[in-house]
Amino acid sequence: MQYVADMRAAQASGAAIEIDRVSHVYAGPDGGVPALSNVSMKVGAGRFVVIVGPSGCGKTSLLMMMAGLRDHTEGRIDIHGAPIPKPDPERVGVIFQEASLFPWLTTLDNIEFPLSLRGMSRDERRRRSEPMLSLVGLAGFGERYPHELSGGMKQRVSIARGLVQDPPVLLMDEPFAALDEQTRMTMGHELLRIWSTTNKTVVFITHSLTEAVYLADEVYVMSPRPGRMIDHIAIDLPRPRTYEMMATDTFGRLRDRIWQQIRKSH
Amino acid sequence: MRRPDPKTVRWGILVALLVLWELIPMTGLLPELFLPRLSKTLAVLWIDLGKYWAALLVTLYEVVLAMVIACGFGIVAGATIGGIAVLRDLLLPVFSSLYAVPIVILYPIFTAWFGIGSESKIMFAGIYGFFPVMLSTAAGIRTIDPQFLLAARSMGATIYQQITKVIIPASLPTVFSGLRLGGALAIIGVVVAEMLTASAGIGYLVTLNRTILDSPRVFAGILCILVLSVAYDILARRLERRMVVWQSAGRQQQVQSSQRPVNRGAPAPAAA
């Protein structure tokens with residue numbers, strides 16, 4: 001009951017993710033290493049939020065905590081009004097870097113993997129995975145193995161796998177980092193197209209400032225370790241985003257502001 | 001000129017060796033005591049076919065049971081030691097060192113414990129083949145990309161599902177190469193044991209005929225083991241390829257893509 005009430009409250013306030021003064025210390029021989037310090041953020045349902053920050057600032061740790069894959073020492077993380085002590089694929093889908101597709105499974109079997117964990121029948125799985133394959137633009141590639149796909153295509157499969165259980169929240173940990181710049185631009189654009197048809201809440205981690213501004217509704221900037229939130233920037237570029245926007249003054253100003261924040265924090 | 005198909009070359013070499021086997025003793029280059037003619041070897045094999053067949057069955061029986069022991073215990077021990085960090089740190093170096101010990105030195109003890117019948121051969125060859133299976137299973141489990149497990153966990157996989165749906169399929173290629181090696185060592189183990197102390201089997205026949213200087217019968221035995229080993233290797237390879245389609249397919253694709261420019265370039269010099 002409490003859970004339902006919390007859900008309603010969360011929906012009323014429109015927050016899909018609420019992070020309240022989260023800190024984390026990695027256990028070590030002399031007291032441990034502080035990784036995150038007093039991090040707070042609130043992500044509205046259906047928003048596309050990007051977190052940028054220098055390497056080792058703890059942004060991946062933060063994402064893993066939102067996915068229920070890692071504990072935190074202090075503070076509170078709520079996903080749709082309830083804490084997430086362990087992974088819950090019906091609330092949160094996670095998309096990793098390229099390496100996480102299973103090479104022994106075909107594209108369709110990879111997409112269906114989360115469904116097969118729940119013992120869903122083969123027919124039912126196919127019924128749900130095939131629309132996902134079309135959604136990410138890979139119709140006809142269902143029987144291919146990952147090694148037969150390009151880097152961009154593999155990442156499309158990962159996105160389909162993240163979406164197949166239809167979780168309201170999608171967490172993406174530098175999903176396009178291993179791609180070349182051209183593929184990366186195309187994939188970012190594709191992601192926005194997919195996102196606009198599914199109204200998911202997305203938290204996206206990246207090193208690329210251009211990618212951050214191009215994709216986001218809001219950008220959070222983190223400081224070096226121990227990670228803190230040092231800036232929160234609203235990206236008020238209109239949607240749908242177009243490649244031409246990258247050449248505008250507004251785009252340049254926003255990217256510059258993020259860069260200045262990261263530079264100052266060192 | 002086009003380069004001949006490697007398969008054709010392999011068969012060519014085999015035929016050439018067989019012809020040399022016939023010709024070298026015939027021309028007197030080597031005395032027949034050292035190398036009896038192929039035709040003579042095949043002839044005694046034909047005459048004693050019943051005896052060799054019975055011996056081969058004994059050897060085969062020992063080999064199969066030794067392989068079962070090597071693979072069964074090897075996989076279980078390798079999975080346990082590779083999967084549990086404490087055991088791994090404690091035991092893996094020990095087993096790696098033991099692998100280097102020539103275990104044949106222990107064979108006299110095996111005959112003392114298990115007699116000179118099939119049991120001592122099975123146990124000895126089983127232990128001989130156990131090490132590569134165990135070590136590669138442990139390696140296969142240890143070298144799984146942690147991203148796979150993280151991804152599976154994020155999708156809600158239980159520990160049991162992580163084992164059956166990620167760890168086992170991910171470690172299959174490494175485990176299989178260990179099984180192939182372990183099986184080969186089991187054959188070696190059985191034959192060596194039969195040659196040392198035995199009353200049956202191909203190895204026994206070889207030793208027996210060597211002491212009475214009956215070279216054709218020695219070579220007949222060698223031929224039997226040669227055929228057995230090669231047949232085993234072909235079978236194991238085929239099984240491996242079928243079980244880990246994705247891996248051999250990946251390897252094939254890499255080979256193809258690296259060969260492609262060469263193949264495309266090939267007609268050009270021919271035309272010029």
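How many residues of chain B are in contact with residues of chain A? I looked this up before anything else, taking contact as heavy atoms within 4.5 Å. I found 20 residues of chain B in contact with 21 residues of chain A.

**Ground rules.** I am reading a predicted model, where local features need pLDDT of at least 70 and side-chain atom pairs count only at pLDDT 80 or more, while totals for chains, interfaces and linings use all residues. Residues are numbered from 1 along each chain as its sequence is written, chains are lettered from A and ligands numbered from 1 in the order in which they are written, and side-chain values use heavy atoms, with hydrogens and water left out.

**Confidence.** I noted ipTM 0.86 and pTM 0.77 for the model. Chain B has a mean pLDDT (the predictor's confidence in each residue, from 0 to 100) of 84, and 89% of its residues reach 70 or more. I marked residues 250-272 of chain B, where pLDDT stays under 50 and the model has three contacts beyond four places in sequence. Where pLDDT is low, the predicted coordinates should not be read in detail.

**The interface.** Chain B and chain A bury about 1900 Å² between them, with 72% of it on carbon and sulfur atoms. Buried area here is the accessible area (1.4 Å probe) that two parts lose on being put together, summed over both. Next I asked which elements of chain B give two or more residues to the side that touches chain A. They are α7 (146-154), α8 (159-196) and α11 (245-265), helices being DSSP runs of H or I with at least four residues and strands runs of E with at least two, numbered from the N terminus. The largest share, seven residues, comes from α7(B).

I also looked for salt bridges (a side-chain nitrogen of Lys or Arg within 4 Å of a carboxyl oxygen of Asp or Glu), and the count between chain B and chain A is zero.

**Strands in chain A.** I then turned to an open sheet of four strands, in the order β2-β1-β4-β5, with antiparallel pairing; two strands pair if DSSP finds at least two bridges between them. Its edge strands are β2 (33-44) and β5 (82-83), each pairing on one side only. Inside chain A, β1 (residues 15-26) and β4 (residues 74-79) are joined by five bridges, and D20(A) has R76(A) as its bridge partner in β4(A).

My last stop was a hairpin formed by β9(A) and β10(A), with six residues between them. Five bridges join these antiparallel strands, β9 at residues 218-222 and β10 at residues 229-234. There, M222(A) stands opposite M229(A).
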